[in-house]
Amino acid sequence: NDIVSFGMRPGVWLAPFACDKHSQVAKQHPDWIIKNDQGRPSNSSNCGKFFYGLDATNPHVRKYVHSCVKRAVHEWGFNVLKIDFLYAACLEGNGKYDLSMTRAEAMHLALRTIRSAAGPDVFLIGCGCPIGTGIGFADGMRVSADTGPTWYPAFPLPWWDNGTLPSLRAMVRNSMSRAILGHRWWHNDPDCLLLGETTRLTDIEVASAASIVALTCGMLLLSDDLTKVSPSRINILTKIFPMTGATAVVLDLHNTNDGLPSLMRMWCTDRYHDEVASMQDSDSSLTENGENISASISTLLGRRASFALDRPLPLPNERKRNCILVAPGMGTWTLLSVSNWLDEQTVVHVPSVALEAPPSTGWEDGSPCSDEGHSDTRCATAPYGNHVFAFWSGRYTWMPEAKGADNVHSSLSKKLKAHETEIFHLRAVTPNVPQYIGSDIHFSCGQEVQTFVAKQNCVNISLKSYHSRKGHIFLYIPRHDVSGVVASVNGKRTPFRVIANTPGPNVGGGRSCIGRIISIPVEVHGDGSKMDGLVELTF
């Protein structure tokens, strides 16, 4: 009741098909236990504790599980259930009630029993569940191994098993390799983002984990007492909150030697503004809580772009699922995540194909495809080069457009420490129009913005004010001389800092400066005041 009074949904952890070997169920109903071919209880294979599996082919077991789940929902009042160790319902062995059923059929019966008892409105999170059998039953699904307080499995766990035992490395690998399932079959559960400093994880590793959680964009789960988490770790958390509802494409999923992809890409765009407005007009729930509008709409766009039996096949050039929606006027740009999963510092080189600008066509519904049935993927040009902003380090660089042999000068590389991740934002330079380059507030470098209006001699920005935030925003000003630029934040004149120059075309063997990149300190109080989050520039 206390949880509900705060406007939240209460949840509880259950493992209805797992049975403690010293429990009353095991003592009173030994015939409910799945036996192996030797007649002994089947091995649950859990690294922490050996437990028995209850036989889902047995109608008495299903009746018992049904009553337990129903009690949790209808008597105790929980409407979020995390159902763990589900594989216990289909352990291997001939000691079952109905030998004619396959293990897949047994698993299907187990999940159908749980969903029937819980009802359609309860949010079910499957865990330890054979992936395929969860389709249609689970709202959320654990897609990774357990995370852990160390990068590799720690003693007394065997160090040589880096695939299934609790560790941050295992969590990161599975979350990326199964990112494609999210918002299609269910919301992916990557396990908890561990923020507490009682772990042996470094700030770099925590930031990398946060990056993967944000970019694969399933569920964001926290298990720490946040009142005891350090400000530096809370700062990492705020940079990925709220979630965007969009999922990145893992570019090198099939090109790794160790099973750990290191490149993910998505696009941020304002191209779906008209469709978003239409969705808001037709669905009042999308305007009830402004804080979640962007994520909710991104999720809906993603679902529309996914396969469904009752809809035509999505076009081959469909991109909505992998787009973060931003305010009108901000344009379209590429977001690229680069990781170093080695145990030592190294320079990571980004393949040139990953740096291609967003396609110039194929964004609208019904966009034409070529004769071969493939989408027109011609990329937008960037004759004035690209702004490149590194989110975690807050650094800016300029990169020329790749043309023929000049590709070597249009490459992107970054020296990354062990287990470090950087998120780059690449935008084509518009020489005469101010641009929003990024921020250190939200990893998307765009979703923190409510409105953005840029003209030749002024910029007006409204930052979202649902939460208290403090940081910097970075803007491109198409002026060599910025002495006449005046910035104000929350109605008060604010000093800014020039951090970089943006060069123009190569003329006569040299490049002139066509603009400056400035950093403006901002603070959003979240107090509902009229000027809160307003940033204005004149020049």
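In this predicted model, the helices α5 and α6 touch through two sets of residues: L168, M171, V172, S175 and M176 from α5, and E205, A209, I212, V213 and T216 from α6. Sorted by class, the residues of this contact comprise seven nonpolar, two polar and one charged.

Helix α5 spans residues 168-177 and helix α6 spans residues 203-216; their axes come within 10 Å and cross at roughly 20°. Because of this angle, α5 counts as roughly parallel to α6. The crossing of α5 with α6 is left-handed.

The buried residues are L168, R169, A170, M171, V172, R173, N174, S175 and M176. Among the elements that cover them are α6, β8 (249-250) and β9 (263-269).

A second pair of helices, α3 (residues 59-75) and α4 (residues 103-118), packs at an angle of about 35°, and the axes lie 8 Å apart. Here α3 passes α4 in a right-handed crossing. On the α3 side, the contact is formed by R62, V65, H66, V69, K70, V73 and H74, while α4 supplies L109, T113, I114, S116, A117 and A118. These residues divide into seven nonpolar, four polar and two charged.

The table sets out the two contacts by residue class.

| α3 with α4 | seven residues | four residues | two residues |

The cysteines form a further topic. How many disulfides does a search of the whole structure find? The search finds zero. For C129, the closest cysteine sulfur belongs to C90 and is 8.1 Å away, which is too far for a bond, because a disulfide requires the two sulfur atoms to be within 2.5 Å. C129 is buried, with a relative accessible area of 10%. C19 is also buried, and its relative accessible area is 2%.

Finally, E197 lies in the loop between β7 (187-189) and α6. Apart from its neighbours within four places in sequence, E197 is in contact with S230, S232 and R233. E197 and D224 are separated by 27 residues in sequence, and their C-alpha atoms are 9.9 Å apart in space.

Terms used. Residues numbered from 1 in each chain as written. Predicted model: local features only at pLDDT ≥ 70, side-chain atom pairs only at ≥ 80, totals over all residues. Heavy atoms only, no water. Axes fitted to C-alpha atoms, helices over the stretch in contact; angles between N-to-C directions. Helix = DSSP H or I, 4+ residues; strand = E, 2+ residues; numbered from the N terminus. Parallel < 35°, antiparallel > 145°, perpendicular 65-115°, else oblique. Left-handed = near helix turned anticlockwise from the far one by under 90°. Contact = heavy atoms within 4.5 Å. Nonpolar A, V, L, I, M, F, W, Y, C, P; charged D, E, K, R; others polar. Buried < 20%, exposed > 50% of the residue type's maximum accessible area, 1.4 Å probe, protein only.
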